[in-house]
Amino acid sequence: MHSATISGIAFDCPAAPVLPLPSAMNILSIQSHVSYGHVGNSAAVFPLQRLGHEVWPVYTVNFSNHTGYGAWGGSPIPASEVSAIVHAMEQRGALAKVDVVLSGYQGGADIADAILDTVARVKALNPHATYTCDPVMGNAKSGCFVNPAIPVLLRERVVPAADLVTPNQFELGYLAGMQVSSLEETLAAVDAVMAMGPRAVLVTSVHRPDAEAGTIEMLAADTTGAWLVATPHLPFKANGSGDVTAALFTAHYSQHFGRSGSAPLALERTTASMFELLHHTHTAGARELQLVQAQNCYVSPQTVFAARQLR
């Protein structure tokens, strides 16, 4: 065990156990693409591949960089093109081999139909396949940054079709239609979202007034229980961190979907990897995630943050 002091908070960090790599899955990931930097598929694909999974990316936008820079080149991908790519993959026999569909930033409001059609096609061919929806719409600081029609589509049509959803706390509140600030409110909102159809929820950022100072938390819940994990809060913003979080949790959780113990293990493993990735990025003083430079943290994170069972 070693001690770490970050942002003035001391943490005892036991060495992470050496875990076997999970068996490989085929993951169809429908998200944005940027040439420079790491968001959307440009953030999710490599960590999943580094874990040993086959990833088939389908793009919803093709941009030079993420929109947080204020200027970018490129354009959204029409839903008809997304559907055409998926249909051609089906003709190759690929859809029948998909274990997980993962969706993120949608770009245009018409993408929702293409995603739902893809999920239906995959599940018809492989009833054991699951669908993870990262309901990208905004955050508490920036507000909603997508087409105003997209949050409504996510809440009314896309999220109910998902097996796992991975909102941040702001997105969770919108989906549940309620205020979310305390831990009790967060759990109530999680229950409301699960009542819509998903069997599991990962809340990628939990902010509450009674949390330990200098920390940030994530919460995972499914039909077997709910768990919370805390790490030191690193004082910077890293675009794409939610996309990596959703991808890693999906990979760690999906192979044992709904089984007792899968949620806390996936939460702990994801949290350790994300903390090390963000710490590496922060230490480097980089604006973009150091996705390649910190790649060992996906396979063999060196720290453990224990998940606490809430119920």
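Mentor: A contact is counted when heavy atoms lie within 4.5 Å of each other. On that basis, residues 24 or more positions apart account for 69% of the contacts in the protein chain with a separation of 6 or more. The model is a predicted one, in which local features need pLDDT of at least 70 and side-chain atom pairs count only at pLDDT 80 or more, whereas totals for chains, interfaces and linings use all residues. Numbering starts from 1 along each chain as its sequence is written, and side-chain values rest on heavy atoms, with hydrogens and water left out.

Helices (H or I, at least four residues) and strands (E, at least two) are DSSP runs numbered from the N terminus. The protein chain contains 9 helices and 14 strands. Its radius of gyration, taken over C-alpha atoms, is 18 Å, close to the 19 Å that the globule rule (2.2 Å times the number of residues to the power 0.38) gives for 311 residues, so the chain is as compact as a globular protein of that length. Along the principal axes, the C-alpha atoms fill a box of roughly 55 × 40 × 40 Å.

For the interior, residues are classed by relative accessible area, computed with a 1.4 Å probe on protein chains only: buried is under 20%, exposed is over 50%, and partly exposed is in between. Of the 311 residues, 55% count as buried. In soluble globular proteins, nonpolar side chains tend to be buried together. A nonpolar core is here a set of buried Ala, Val, Leu, Ile, Met, Phe, Trp, Tyr and Cys residues joined through side-chain atoms within 4.5 Å. The largest such core has 49 residues, and those with the most contacts inside it are Leu 28, Tyr 131, Cys 133, Val 190, Val 193 and Leu 219. Helix H3 (residues 111–125) contributes the largest share of this core, 7 residues. Leaving aside neighbours within four places in sequence, Tyr 131 touches Val 101, Ser 103, Ile 115, Val 119, Lys 123, Val 158, Ala 161, Ala 162, Asp 163 and Leu 164. Apart from this core lies another, of 23 residues, including Ala 43, Val 45, Ala 247 and Ala 294.

Burial also marks helix H5 (residues 169–176): 6 of its 8 residues are buried, so H5 is largely enclosed by the rest of the structure. The buried residues are Gln 169, Glu 171, Leu 172, Gly 173, Leu 175 and Ala 176. They pack against strand S8 (138–139), helix H4 (149–158), helix H6 (183–194) and strand S11 (200–206).

Ser 32, in strand S3 (residues 26–34), is buried at 6% relative accessibility. Beyond neighbours within four places in sequence, Ser 32 is in contact with Val 39, Gly 40, Asn 41, Ser 42, Tyr 59, Thr 60, Val 61 and Tyr 105.

Gly 261, between helix H7 (241–254) and helix H8 (262–284), is partly exposed at 32% relative accessibility. Gln 295, in the loop between H8 and helix H9 (296–299), is partly exposed as well, with a relative accessible area of 23%. With neighbours within four places in sequence set aside, Gln 295 is in contact with Phe 46 and Arg 50. Gln 295 and Val 206 are 89 residues apart along the chain, and their C-alpha atoms are separated by 25 Å.
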